[in-house]
Amino acid sequence: MSALPPESSEPGAYDPLGVRYPNTARIWNYHLRGKDNFDADRQAGEAVNVLFREMGVPSAGDTAVETRHLLQRMVDYMLGQGVRQFLDLGSGLPNMANTHQVARRVAPEARVVYVDIDPMVSNHASALMAGSSVVTLQADLREPDQVLGNPQVRDLLDFGQPVGIIFICMLHCLWDKEDPWGVVRQFRDAVVPGSYLALSHMTNETHEQAAQAVFQMTQDLHWNTPLISRSRADIARYFDGFTLVEPGLVTPAQWRPDLHNPLRRDDDAPVLRLIVPEPGHDDRSTWNLCGVGIKRE
């Protein structure tokens, strides 16, 4: 799998609204049974489903729903650690329970910034998730200063207090040359100790053939982003400067599946080492790896 973009990733200049070719956010919306997608997105989504069925790997729809449940548990966990402000990067189209809805079940005062580069996503999110403690921002997170220097973001979030940084199914949409590790590092450096990083990322450690096939599909069908599955070691690099909390870097199904109460528990203290357990041989759900880390002093 090449982690370098083609010389030209633009399919053409005849599609100003971006509806002719598949869009990753809209395909995700389709897999979550949303309505904010077009024919090209639905056809691409079904092509992925066919591919996954043929290879006997978890369906895209199951993966999408599992990931939304993961987001809810991760936000609950960070709330339990006292975090009351969140930066949801590459948030995508509103689906199921969103970050601010999850947070406000426990903390009505919680503040959330949603960031996405897609104008359709940003406009739609602004209409559906408007509120005094919510900002939806169209920005390119590959240029973190577009986010961190934005006056709306600076007015809403207090960077002198812990922030929950969220990259759910986002970083695998960046090419290696776009340095996703450097992107995470810049956001890490902007927040105080006690802040958290929560992410999930496609991995090739169990379904290597399928990972290569879905990457190639994104190129052949001119998706607006690649889907680049990375190794466990490469995903762990995102947590440089953070300490992973238990259970470490695991599949979504393994990440605190019983967490239903966001109140802090005695066993919620972060571990002092990088936990990278070997996946179970019969765990077919290892399509993504995920984890939450706390920024060290």
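**Helix H8 and its sheet**

A: Strand E7 (residues 288–295) and E6 run antiparallel, joined by 3 bridges. Within E7, Lys-295 stands opposite Phe-242. H8 packs on this sheet in the predicted model. The helix touches strand E1 (85–89), strand E4 (164–168), strand E5 (196–202), E6 and E7. Its direction makes about 165° with that of E4.

Now the sheet as a whole. It is open, has 7 strands and shows mixed pairing. The order is E3-E2-E1-E4-E5-E7-E6. Strand E3 (134–138) and strand E6 (242–244) are the edge strands, and each pairs on one side only. From one strand to the next, the twist averages 20°.

Next, the helix itself. H8 spans residues 180–189 and is mostly covered, with 7 of its 10 residues buried. The buried residues are Pro-180, Trp-181, Gly-182, Val-183, Val-184, Phe-187 and Arg-188. Residues three or four places apart on an α-helix point the same way, because there are 3.6 residues a turn.

Phe-167 links several of these parts. A second, separate core of 28 residues includes Leu-70, Met-74, Phe-86 and Cys-169.

Finally, the largest nonpolar core. It has 50 residues. Phe-167 and Phe-187 are among the members that touch the most others, along with Leu-87, Leu-89 and Val-147.

Technical notes. Residues numbered from 1 in each chain as written. Predicted model: local features only at pLDDT ≥ 70, side-chain atom pairs only at ≥ 80, totals over all residues. Heavy atoms only, no water. Buried < 20%, exposed > 50% of the residue type's maximum accessible area, 1.4 Å probe, protein only. Helix = DSSP H or I, 4+ residues; strand = E, 2+ residues; numbered from the N terminus. Core = buried A, V, L, I, M, F, W, Y, C linked by side-chain atoms within 4.5 Å. Pairing = 2+ DSSP bridges. Axes fitted to C-alpha atoms, helices over the stretch in contact; angles between N-to-C directions. Contact = heavy atoms within 4.5 Å.
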